[in-house]
Amino acid sequence: MLYTHFFFSVYEYLRLELPTSRTIQRWLESVECEPGFLTDILKLVNERNGENIYSLVIDSMSIRKRLNVNKANSKVEGHVTIGDSSKLASEALVFLLVPILGGTRFPVGFFFVDKIDSDMQTQLIKQCLTLTAEEKITIVNVTCDGCQSNLSTLKKLGAVIPSVSSFKHPSMEHDVFVTLDPVHMLKLGRNAFGTYRRFKSAAGTIDYRYIEDLVNLQESTGVRLANKLTKRHLNWNNMKMKVKLAAQLLSSSVADALTYLKNTDDSFKNATSTIEFIREVREFI
């Protein structure tokens, strides 16, 4: 369903001389692709690639709660497919293989869920790692968002972030390393900074006030100090999913602007810790 929506979005954008969208939709409706792990694709990955060294990316995508009738098999779809099947699904949990050295990405599983718990997610990851190992596909990394449920899942696998960044593969000898999605972590960092406003560090206080003062100074004078901050960046609550706003707020150009003001404006003279915080975030990303 998700990939079909993406395909038609690209189709409408390109507007090439292709069969009508309804014709392509009928073709796709005839393809059997039930929720679960896609063993046919796993076999395809095994046949098409040499070393088969991959990162396993796991992500939950929100979907609308509703029932649909699949005309190809006359089945009603929209319920949770793993867990309590009486509930309507609110998310699609997707498993994606990404080649470490670049190349074709392969979706190898999806499940319709409603706020899946860490125990179930842990078992699904172990199952995926076991199935890929059976097809001689080596997974050396797992990448996911840094939300609390994912951190709990990783802990149950054996990776306690940040002190332990790997866990033992369930059916092979090697360690599987863990990467928290940098884009998601950047948004979480901005959200925490904007919500709590002050952090304590060894160097002093990291203060969100300096970001606000920088925006207000630029708005009042009409002079922009080589950064892209505007009022929109302060009103991020309505645009939490926009990565660009988080990246522009916690950017090197903002750190440079604060450094200049620290040396020229007394109201910014204690901004050193805030500047160092922003630079460390950029270095991490």
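Biologist: What makes Lys 228, Arg 232, Lys 242 and Lys 244 a positive surface patch?

Modeller: In this predicted model, these four residues form a positive surface patch, where positive refers to Lys and Arg, negative to Asp and Glu, and His and the chain ends are not counted. Patch members must have over 30% relative accessible area and no salt bridge, like charges being joined within 9 Å and nonpolar side chains (Val, Leu, Ile, Met, Phe, Trp, Tyr) within 5 Å. The place of each charge is taken as NZ of Lys, CZ of Arg, CG of Asp or CD of Glu. As the model is predicted, local features need pLDDT of at least 70 and side-chain atom pairs count only at pLDDT 80 or more, whereas totals for chains, interfaces and linings use all residues. Residues are numbered from 1 along each chain as its sequence is written, and side-chain values use heavy atoms, with hydrogens and water left out.

Biologist: Why is Arg 232 called partly exposed?

Modeller: Arg 232 has a relative accessibility of 41%, and a residue is buried under 20%, exposed over 50% and partly exposed in between (1.4 Å probe, protein chains only), so Arg 232 counts as partly exposed. Arg 232 is found in helix H8, residues 231–234, helices being DSSP runs of H or I with at least four residues and strands runs of E with at least two, both numbered from the N terminus.

Biologist: What makes Ile 53, Ile 100 and Leu 101 a patch, and of what area?

Modeller: These three residues make a nonpolar surface patch of about 320 Å², with areas taken from the Shrake-Rupley method with a 1.4 Å probe, where for residues only the protein chains shown count as cover. Ile 53, which is placed in strand E2 (residues 53–62), has a relative accessible area of 36% and is therefore partly exposed.

Biologist: How do you know that Lys 115 and Glu 91 form a salt bridge?

Modeller: The closest N and O atoms of Lys 115 and Glu 91 are 3.5 Å apart, and a salt bridge asks for a side-chain nitrogen of Lys or Arg within 4 Å of a carboxyl oxygen of Asp or Glu, so the pair qualifies. This pair links distant parts of the chain, with Lys 115 in the loop between strand E6 (106–113) and helix H4 (118–134) and Glu 91 in strand E5 (residues 91–99), 24 residues apart. Lys 115 is exposed because its relative accessible area is 61%, whereas Glu 91, at 13%, is buried.

Biologist: What makes Lys 156 and Asp 119 a salt bridge?

Modeller: Their closest N and O atoms lie 2.7 Å apart, and the two residues form a salt bridge. The pair again links distant parts of the chain, Lys 156 being in helix H5 (residues 148–157) and Asp 119 in helix H4, 37 residues apart. Relative accessibility is 41% for Lys 156, which counts as partly exposed, and 45% for Asp 119, which also counts as partly exposed.

Biologist: How do you know that the side chains of Lys 168 and Asp 175 meet in a salt bridge?

Modeller: The N to O distance between Lys 168 and Asp 175 is 3.2 Å. Salt bridges that share partners also join Arg 198, Asp 207, Arg 209 and Asp 213 into one network, and the structure holds ten salt bridges.

Biologist: Where does Arg 190 lie, and which side chain of opposite charge is nearest?

Modeller: Arg 190 lies in helix H6, residues 182–196, and is buried yet has no salt bridge, the nearest side chain of opposite charge being Glu 212, 12 Å away. Contact means heavy atoms within 4.5 Å, and beyond its neighbours within four places in sequence Arg 190 is in contact with residues including Trp 236, Met 239 and Leu 250.

Biologist: How much of the protein chain counts as buried?

Modeller: Of its 285 residues, 36% count as buried.
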